[in-house]
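Thanks for coming. Please have a look at it before I go on.

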Amino acid sequence: MGRQLVSVGGPRQRVTLALLALNANRVTSVDDLVDALWDSAPPSTARAQVQTCISALRKLFADHGGVAAIRTRPPGYLLEIAATELDSAEFAELVTAARDQADQRRLAEAAATLSRALALWRGPVLADIDSELVRRGAAAFEDGRLAAVEERVRLDLALGRHEDILGELAGLVEQHPLHERLARFRMIALYRSGRQADALETGRRTRTALVQELGIEPGQELRDLETAILTRDPALDLSGIKIPVQLSVRAGPAPRPAPAGERPVVPRQLPASIGDFTGRERLIAEIMTVLSGESDLATAYAVRIVTISGKGGVGKSSLAVRVAHQLGGVYPDGVLYGGLQHLSGTDDPTPKLLARFLRALGVGATTMPDNVPERAELYRSLLADKRLLVVLDDVSDEEQVLPLLPGSSTCAVIATSRVRLSGLLGAHSIDVDVFDTANSMELLAKIIGRKRVRVERDTAVELVNLCGGLPLALRIAGARLASRPHWRIAGLVRRLEDEASRLDELTVRGVGLRSNIDLTYRSLTAPAKRLFRLFAVIRSTDFPAWTAAALLDCDIGTAEDVLETLVDAQLLDAVEMPGEQVRYRFHRLIRICAMERLVETETLDERNQALARVLGGWLALAEHAHRQEFGGDYLVLHGTAPRWRPPGEAADLPESRPTEWWDAERDALLAAIRQAAAAGLDELCWDLALTAMTLFEIRGYYDHWRATAQTGLEVTVRAGNRTGRAAMLLSLGCLHLAQQRLTEAQRCLTEALDLFRAGGNVHGRALVLSNLAIVDGLLGRSPEMLSRYDEALTLMRAVGDRMGEAQVLAGVAGYRADEGDTGSAGQLLDEALAICREVGCRRGEAEVRHRVAHLHLDANQTDLAHRELDRVLVIVREVGDRIGEVHGLYGLGLVLHREGRLDSAETSLLLALGLARRLGERMKEAQALHLLGEIGLDRGDRTTGAELLGQARVLLAGLESKQATRLRTRLEKKMSAPAGDSGSGADCNMA
């Protein structure tokens with residue numbers, strides 16, 4: 001019989017048939033049909049009306065050839081239909097076939113098979129059915145369709161068909177703006193089609209959508225792809241997408257029949273799996289593979305053990321129970337289950353649990369051994385010829401598990417614990433982490449209903465963030481909302497925003513998060529308890545290992561042993577950062593519990609002393625990093641605040657690249673500066689803020705620079721600390737100078753100079769004078785500049801600031817070069833370069849070499865200028881000086897333009913432009929735009945050239961320097977010139 005369109009009837013019959021079809025060849029209960037038809041408010045005649053719908057559908061099938069039959073099967077009905085009559089079944093078969101073809105590397109066949117499967121779709125599944133239950137079922141089909149689309153697109157990319165699928169990908173990304181994988185596919189297709197800018201724009205739009213809709217940043221894969229596109233990574237060619245191996249789980253062998261007349265004991269002790277179980281698909285697949293796969297020769301005699309660890313409330317028990325249910329067919333002789341924390345009345349729960357297991361296996365009271373070793377021997381004997389799974393929940397340590405391990409390789413064990421059971425040799429370890437935002441939202445929707453989440457989506461995201469992705473916290477919050485349908489999510493969010501009462505709010509009907517965390521806390525040793533409490537002193541989101549030594553005031557080795565105890569107990573998370581650095585952090589809710597214990601146990605004086613040691617430790621390390629960067633205590637002032645160093649050893653001291661240490665500690669340093677200010681530690685605050693200026697300046701972290709300098713200024717003003725106040729004004733003046741706000745720079749620096757003079761601080765005066773000289777030079781006040789440079793040089797030499805001396809010499813050399821006195825400029829730069837090499841300041845060497853390149857370019861020695869700039873770029877990239885890299889790239893573009901190599905010049909300038917924009921370097925951004933516009937005019941593209949020159953003029957409008965004014969005047973003349981006048985007038989000032 002051919003296909004034909006048939007009217008199913010009214011809305012209820014369509015809903016009924018839809019749900020039966022979703023469960024084709026499986027029983028659909030009457031209760032489910034009632035829920036689908038009326039949601040939560042069925043009439044008293046609901047079951048009778050379901051029967052009426054079923055009768056009508058049976059008649060419909062009979063009238064049209066009986067392609068399917070509806071059978072009555074308790075507790076409901078079964079739609080019996082051949083797979084060939086269901087598009088969904090045919091679709092699933094084709095997808096399976098495509099996966100097999102892909103596994104065999106038959107990529108073209110796999111793509112064609114998926115195209116045939118997708119051609120079966122004629123629109124959204126059951127789109128006209130008004131039923132929440134049906135919509136949930138249909139969503140799974142839509143997910144399957146989208147997964148097939150993704151797989152086919154991936155195969156097309158692997159086959160080099162990127163241009164053929166650009167249009168389709170554009171529609172898919174538009175339809176699914178939050179789908180990162182589709183966005184990545186489109187970015188790859190665009191990049192391979194020569195559209196690098198469009199590829200990056202797709203990534204930018206996806207990031208914007210994720211931030212605006214979900215409040216989250218894109219994943220690491222998308223960020224890595226953006227970097228690869230920017231650097232034209234060869235990995236993006238046709239070999240860049242790999243075909244994953246599909247994972248399949250084999251069922252275990254069929255159970256052996258029991259001997260005749262013997263009735264086997266088959267324990268089934270598993271508790272029910274929760275109905276709203278969410279996520280964990282990857283972990284389930286991993287556990288299933290370990291416990292159901294075939295053994296190799298090396299493990300043929302070993303008991304398979306999986307340990308599941310994670311912090312309290314993360315869902316370890318739920319995962320263990322769910323996967324144990326799924327393994328029922330693999331272990332037909334039963335499941336033994338025991339919760340060790342729930343066994344009361346004894347310090348050691350193992351004897352009780354062994355006795356329970358033995359009774360479940362048929363051992364009577366009269367034959368039960370008295371002691372644990374004999375019980376364990378009998379237990380192993382009874383399991384020797386069985387395929388049985390043992391689930392041990394909430395284990396405290398390995399000693400509890402060992403007597404409960406079967407001796408036969410046909411059995412398996414799943415053990416959950418708040419600590420990592422690393423002492424169980426040969427066990428496969430699973431770490432359960434908190435939920436991401438997507439899974440958290442899904443769990444919340446299952447608990448309180450999708451409609452409530454949909455109505456207050458943004459507020460729901462806030463709620464899951466406050467719960468930190470911890471499933472227990474989400475369940476408690478969800479249970480409170482579910483029991484109060486009149487509550488809005490926003491109301492609970494307001495309650496949870498107060499940290500002091502958050503754990504009180506996360507309690508429902510005797511279940512509370514605080515008691516769950518306390519259970520782990522009480523099991524710690526006294527030193528570990530104290531460290532757990534003291535870590536709450538630190539306000540940074542994460543912290544390095546040495547902070548444990550500072551908090552306990554002991555050596556690092558002892559502190560790390562205690563620290564790892566907290567990590568093993570899942571009260572602290574160890575996070576591997578870039579550069580193989582390991583840092584530690586609290587879950588936000590566990591931190592609140594630590595703070596409560598801190599206030600209860602430690603005195604205010606003890607808390608303050610611990611804080612002062614940690615902050616003093618960061619100051620000592622920041623000083624060390626600065627010395628490595630500049631070759632000594634140059635270009636910086638220090639105060640009298642106490643430093644903390646671990647007894648007899650160094651604490652994570654920065655190595656040859658201190659910039660990496662600065663970056664790793666950036667957030668921690670910001671938090672430390674704020675904490676020092678809040679605690680009234682003004683001397684420590686300004687010292688740390690001024691020392692951290694090293695990081696902010698070379699990396700272009702201007703917002704952090706401003707925030708910390710302002711914080712330091714406020715606390716020193718309150719404390720009447722004149723030296724600290726002057727130091728912070730110096731810092732703010734340098735910041736304004738870096739951003740070309742010359743009026744503000746002069747105001748701050750002049751006030752700092754007066755304070756340093758009044759306090760007799762010679763070094764402070766020298767630093768301020770050298771920066772005021774730069775301001776004078778930028779404003780075209782040469783006599784004042786030279787006078788300040790002369791005084792600063794004398795003072796720098798008096799206090800022994802070698803790098804301060806080198807900077808002054810380089811500044812004067814710049815003036816001499818602008819005046820045409822290249823001989824004097826060269827001598828001064830040689831002196832400055834010698835100092836940089838003597839003290840080992842690579843960054844200073846790069847700055848001086850940049851000025852040397854300027855000299856060569858003025859003399860039209862482009863080959864020598866090019867060589868110096870290549871050295872500059874090597875150095876600034878080695879030391880992580882991003883501001884220096886901007887200047888170096890722009891200078892190289894200038895040299896290449898002078899040489900007539902327009903394509904190479906454009907590439908260098910585009911890199912400089914992108915980096916300048918990210919760092920907020922407006923002057924260099926304007927100069928790069930200007931030179932790019934000149935290149936456009938050189939090529940005869942007046943439209944592009946004029947547009948770029950116009951952008952440069954807009955940027956220059958807000959800059960005060962003489963250089964900016966000169967360039968702005970040149971641009972205005974250029975843009976008002978006749979159309980035929982396209983002569984280049986590029987600014988050759990590389991400073």
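What share of the contacts in the chain with a separation of 6 or more comes from residues 24 or more positions apart? The answer is 67%. Keep in mind that this is a predicted model, so I am describing computed values.

Now the overall picture. The chain has 991 residues, and 52% of them count as buried. Its secondary structure consists of 43 helices and 12 strands. The C-alpha trace spans about 110 × 75 × 60 Å along its principal axes. As for the accessible surface, that is about 44600 Å², with 50% belonging to carbon and sulfur atoms.

Next, two pairs of helices.

Which residues of α29 and α30 meet? On the α29 side they include Trp686, Met693 and Phe696, and on the α30 side they include Trp705, Val715 and Ala719. Sorted by class, the residues of the contact of α29 with α30 are 8 nonpolar, 5 polar and 2 charged.

The other pair is helix α31, residues 722-738, with helix α32, residues 742-759. Here the axes come within 8 Å, and the crossing angle is roughly 155°. So α31 and α32 are also roughly antiparallel to each other, and their crossing is left-handed. Among the residues of α31 that take part in the contact are Arg722, Leu729, Leu730 and Cys734. Those they meet in α32 include Leu742, Cys748, Leu755 and Phe756. The contact of α31 with α32 has 15 nonpolar, 3 polar and 4 charged residues.

Where is Glu564 placed? Glu564 lies in helix α25, which covers residues 556-568. Is Glu564 buried, exposed or partly exposed? The relative accessibility of Glu564 is 33%, so Glu564 counts as partly exposed. Buried would need a value under 20%, and exposed one over 50%. If you go from Glu564 to Ala545, you cover 19 residues in sequence, and the C-alpha to C-alpha distance is 9.6 Å.

That is where I'll stop.

Terms used
Residues numbered from 1 in each chain as written. Predicted model: local features only at pLDDT ≥ 70, side-chain atom pairs only at ≥ 80, totals over all residues. Heavy atoms only, no water. Axes fitted to C-alpha atoms, helices over the stretch in contact; angles between N-to-C directions. Helix = DSSP H or I, 4+ residues; strand = E, 2+ residues; numbered from the N terminus. Parallel < 35°, antiparallel > 145°, perpendicular 65-115°, else oblique. Left-handed = near helix turned anticlockwise from the far one by under 90°. Contact = heavy atoms within 4.5 Å. Nonpolar A, V, L, I, M, F, W, Y, C, P; charged D, E, K, R; others polar. Buried < 20%, exposed > 50% of the residue type's maximum accessible area, 1.4 Å probe, protein only. Areas by Shrake-Rupley, 256 points an atom, 1.4 Å probe, with all protein chains shown as cover.
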